[in-house]
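We will go from one residue to the next, and then out to the open spaces.

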Amino acid sequence: MKQVETATKPQLAALTKLSVVTINSLVRELHQRGEIFEDALVPSNGGRPALTYRYNYDFSLGLVIYMKDRGGKFLLSSVIINLENRVLSKREQIVPSFQQEALYQLIDECVAAYPAIQSIGIGVPGQVVDGEIVISSHRELEGVRIMEQIEQRFNLPVFLENDVNAAVYGYHTNQQLGVDRTVTGLYFPYLYPPGMGIHQGGRLMRGKNGMAGEIKFLPFDIDWYTESKPERIADAIGWIIQSVNSILAPDHMVIYQNHVEEQAWRQALETYRTRYPSPVYPDLIQKENFEDDFEAGMRSLTLQALQPVASYE
């Protein structure tokens with residue numbers, strides 16, 4: 001029903017290969033729960049008109065929260081989506097630094113306004129191991145365990161996802177790329193260490209303890225928290241692109257950054273390519289807006305957590 005939106009009982013029986021008796025029972029149960037509605041009567045080959053049922057995409061809702069830096073302050077964004085991935089509510093809140101109580105208050109307000117919320121997805125600038133943020137470009141997040149506390153406080157399932165992983169997932173989903181396409185995303189926030197996400201074989205590559213993509217640990221002599229010279233950043237971007245390509249050889253590489261001219265890092269990359277040529281290079285795409293793919297990825301991942309999709313073909 002989620003896939004086809006509207007259907008009659010005979011149509012559902014044909015789609016699922018279930019008996020009409022079983023379909024009658026299941027439709028009755030779904031209707032009583034409010035997961036489907038009675039819709040219109042349609043002609044039925046000269047017989048009695050058949051009743052059409054319509055899926056209720058607002059039956060379960062997902063709450064998506066993502067965190068990032070904006071102008072040196074901490075941005076909390078919340079999006080409430082239905083099972084059709086339609087946005088029902090969106091808001092932003094800027095706080096001086098990460099505050100757990102501000103996060104809890106935001107969730108409180110969302111759940112009170114939309115009681116049908118059944119899952120919470122939170123995108124964080126860091127890596128989570130066993131519910132704890134162990135590495136983050138925002139040092140105040142390191143050591144924070146918010147997943148268990150939120151689950152206990154709101155009695156809802158919660159998952160945390162790394163921001164760059166979510167962005168790469170969002171880019172792959174939005175571009176409708178096949179599972180055979182490998183995509184890497186390199187994120188270079190201003191005055192914060194960079195991160196990388198890897199989407200390969202139809203899924204995110206996480207590595208041991210989710211540490212795949214922690215490119216800030218690459219042996220490149222630069223202090224990401226203080227370095228602001230464009231030529232140094234451009235050189236670092238070119239070196240990292242060359243290094244990642246040598247290891248992963250992705251089909252697409254998305255560069256998220258907006259504080260260095262694109263021509264500058266492409267020139268730096270060309271220098272490395274001339275010195276260390278490779279037989280294959282990825283399609284390079286620069287995107288200045290990181291938040292669009294970040295949000296898209298978190299929405300898709302939250303819907304997956306909310307309700308796995310079954311396919312009847």
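Start by selecting Thr 302 and showing its surroundings: apart from neighbours within four places in sequence, Thr 302 is in contact (heavy atoms within 4.5 Å) with Gly 62, Leu 63, Val 64, Ser 119, Gly 121 and Phe 159. Thr 302 sits in helix 8; helices (H or I, at least four residues) and strands (E, at least two) are DSSP runs, numbered from the N terminus. Its relative accessibility is 1%, so Thr 302 counts as buried; buried means under 20% relative accessible area, exposed over 50%, and partly exposed in between, with a 1.4 Å probe and protein chains only.

A note before moving on: this is a predicted model, in which local features need pLDDT of at least 70 and side-chain atom pairs count only at pLDDT 80 or more, while totals for chains, interfaces and linings use all residues. Residues are numbered from 1 along each chain as its sequence is written, and side-chain values use heavy atoms, with hydrogens and water left out.

Next, select helix 5, residues 163–174, and pick out Tyr 169 within it. Is Tyr 169 buried or exposed? Tyr 169 counts as buried, because its relative accessibility is 12%. Leaving out neighbours within four places in sequence, the contacts of Tyr 169 are His 199, Leu 204, Gly 297, Ser 300, Leu 301 and Gln 304.

Now colour the whole of helix 5 by accessibility. Ten of its twelve residues are buried, so the helix is mostly covered; among them are Asp 163, Asn 165, Tyr 171 and His 172. The end C-alpha atoms of helix 5 are 16 Å apart, which agrees with the 16 Å that twelve residues should span at 1.5 Å a residue (the expected span is 1.5 Å times one less than the number of residues).

On a 1 Å grid over the protein atoms alone, a pocket is an open set of points with protein on both sides within 12 Å along at least five of seven lines, a cavity is a set where a 1.4 Å probe fits but cannot get out, and lining residues have an atom within 4 Å of a point. Of the 34 lining residues, select Lys 68, Tyr 187, Phe 188, Pro 189 and Tyr 190, which lie nearest the pocket's centre. Elements giving two or more residues to this lining include helix 5, strand 12 (195–200) and helix 8 (290–306). Strand 4 gives the most, with three residues.

Stay with Phe 188, Pro 189 and Tyr 190, which also line the largest cavity, together with residues including Trp 224, Glu 227 and His 259. How much space lies in the largest cavity? The answer is about 60 Å³.

Finally, go to Met 1. Met 1, Tyr 256, Phe 290 and Phe 294 touch the most other members of the largest nonpolar core, which has 33 residues; such a core is a set of buried Ala, Val, Leu, Ile, Met, Phe, Trp, Tyr and Cys residues joined through side-chain atoms within 4.5 Å. A second, separate core of 29 residues includes Tyr 104, Val 124, Ile 133 and Leu 141.

Terms used:
Grid points are joined across faces, edges and corners, and a volume is the space filled by probe spheres set on the points.
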